[in-house]
Amino acid sequence: MKKLFYFFLLTSVLSFGQSADSLYAEVDTRVANYPKSFSSVKAFAERIQSDYKIPELQARAAFTWISKNVAYDLNLMRTVKQKAPASFSFRTEAEKLQKQRERITADAVQTLKSKKGVCQGYSSLFYEVCDQLGIPAKMIPGASKSMLTHIGKLPEDEDHVWNKIYINDKWELVDVTWAAGIITGEKPKFEFRFNPAYFCTPAELFAYTHFATAEAERETGMTAREFADLPLYYGSYLLANFDLETPITAFLKPRANDILLRLNFLPENAKVGLRYSMGNEFIPLELTYFDDYATVTLPQTPTGGYATLYINGRSVVSWRIKN
């Protein structure tokens, strides 16, 4: 249950009896007063070290600053999609690793300098700062579920990179790119919208939208087919104080009656609605409340397209409508 994952995450004590969310808030507030640019990755890391000695808080500071100061580069994204993946030659495994490391460093430096990048740049910069801070880190390539067209699609394309960091005797998942903001509008543009839920995200939630290329990095053991058959979960779902229990399939059947959603821990003042891509009409939904959950029945669905659930004006999950 998502609520329980967050309960344990947010009530874990780091020091002085403070919970993680309280300490993270303090870090985020201090980082807001950092310079808007740094001359080098080393200077960035040294600033963090001067404020924090605990690796978890150092990593949080790096995560927050990058997310709030590096803009997603839509022009670079289009260029990357049009070009073949960059390659290099090597004779030994050691030479391969050295060249990979040099590329990460170059990407990190360029991202810090320009304050723009795509996922490779975000994750490279975060990796490089963690390395300077002495925090073990990884870059994890894989497939993402971030668009309606990804619903039901096998994760065959490697279209995203994120990080893992080793803190508190375990590996934690971090996505600095998705924490930075969203792409909006018919003419796409990037909008800063900090999402702290992508720092040390519970693996069970992270697996809803991230599928690592390397099987060893798939902590939940989810298969490609299981990933494809999940709905599309938005970043606002991770932030929301509720858990969608049903349905967990990617698909809704057209014209079905009595499609029942169960929403655990949903506040009683929540406004819930549905929008179908065919027709685009927003339909307010009436909730039935019980002790710790609420239910809502979806209206008859059209014969195609997608259905998106909204909570308090934000999209949280979408399904594909399919026979």
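Axes here are lines fitted to C-alpha atoms, and angles between them run from 0 to 180 degrees between N-to-C directions. With that in hand, the helix packing below can be read. The model is predicted. Its chain has 323 residues, and 47% of them count as buried. The secondary structure comes to 11 helices and 21 strands. Take contacts between residues at least 6 apart in sequence: 62% of these join residues at least 24 apart.

**Two packed helices**

- Two packed helices are described by the angle between their axes and the distance between the axes.
- Helix H4 covers residues 55-69 and helix H7 covers residues 119-133. They pack at an angle of about 150°, and their axes are 10 Å apart.
- Angles over 145 degrees count as roughly antiparallel, so H4 is roughly antiparallel to H7.
- The crossing of the two helices, H4 and H7, is right-handed.
- On the H4 side, the contact is made by Gln 58, Ala 59, Ala 62, Phe 63 and Ile 66. On the H7 side, Tyr 122, Leu 125, Phe 126, Val 129 and Leu 133 take part.
- Sorted by class, this contact of H4 with H7 has 9 nonpolar residues, 1 polar residue and no charged ones.

**Aromatic rings**

- A pair of aromatic rings is described by the distance of the centres and the angle of the planes.
- The structure holds 18 aromatic pairs.
- One of them joins Phe 282 and Tyr 310. Their ring centres are 5.8 Å apart and their planes stand at 75°. Planes over 60 degrees apart count as edge-to-face, so this pair of Phe 282 and Tyr 310 is edge-to-face.
- This pair links distant parts of the chain. Phe 282 sits in strand E17 (residues 282-284), while Tyr 310 sits in strand E20 (residues 306-311). The two are 28 residues apart.
- Tyr 310 has 19%, so it counts as buried. Phe 282 has 37%, so it counts as partly exposed.
- Phe 290 and Tyr 293 form another pair. Their centres are 4.8 Å apart and their planes are at 15°, so the pair is stacked. Phe 290 is partly exposed, with a relative accessible area of 41%.
- Tyr 24, Phe 63, Phe 194 and Phe 199 form one aromatic cluster. Phe 63 also belongs to the H4 side of the helix contact.

**A buried tryptophan**

- Where is Trp 162 found? It is in strand E6, which covers residues 160-167.
- Trp 162 has a relative accessible area of 2%, so it is buried.
- Trp 162 and Gln 120 are 42 residues apart in sequence. In space they are 8.0 Å apart, C-alpha to C-alpha.

**Positive phi values**

- Most residues other than glycine have a negative phi.
- Lys 115 has a positive phi, near 60°, and is a residue other than glycine. Its place is in the loop between helix H6 (93-114) and strand E4 (116-117). With a relative accessible area of 23%, Lys 115 is partly exposed.
- Asn 312 is not a glycine either, and its phi is positive, about 50°. Asn 312 lies in the loop between E20 and strand E21 (314-321). Its relative accessible area is 49%, so Asn 312 is partly exposed.

Key
Residues numbered from 1 in each chain as written. Predicted model: local features only at pLDDT ≥ 70, side-chain atom pairs only at ≥ 80, totals over all residues. Heavy atoms only, no water. Helix = DSSP H or I, 4+ residues; strand = E, 2+ residues; numbered from the N terminus. Parallel < 35°, antiparallel > 145°, perpendicular 65-115°, else oblique. Left-handed = near helix turned anticlockwise from the far one by under 90°. Contact = heavy atoms within 4.5 Å. Nonpolar A, V, L, I, M, F, W, Y, C, P; charged D, E, K, R; others polar. Phe/Tyr/Trp six-rings, centres within 6.5 Å; stacked < 30°, edge-to-face > 60°. Buried < 20%, exposed > 50% of the residue type's maximum accessible area, 1.4 Å probe, protein only.
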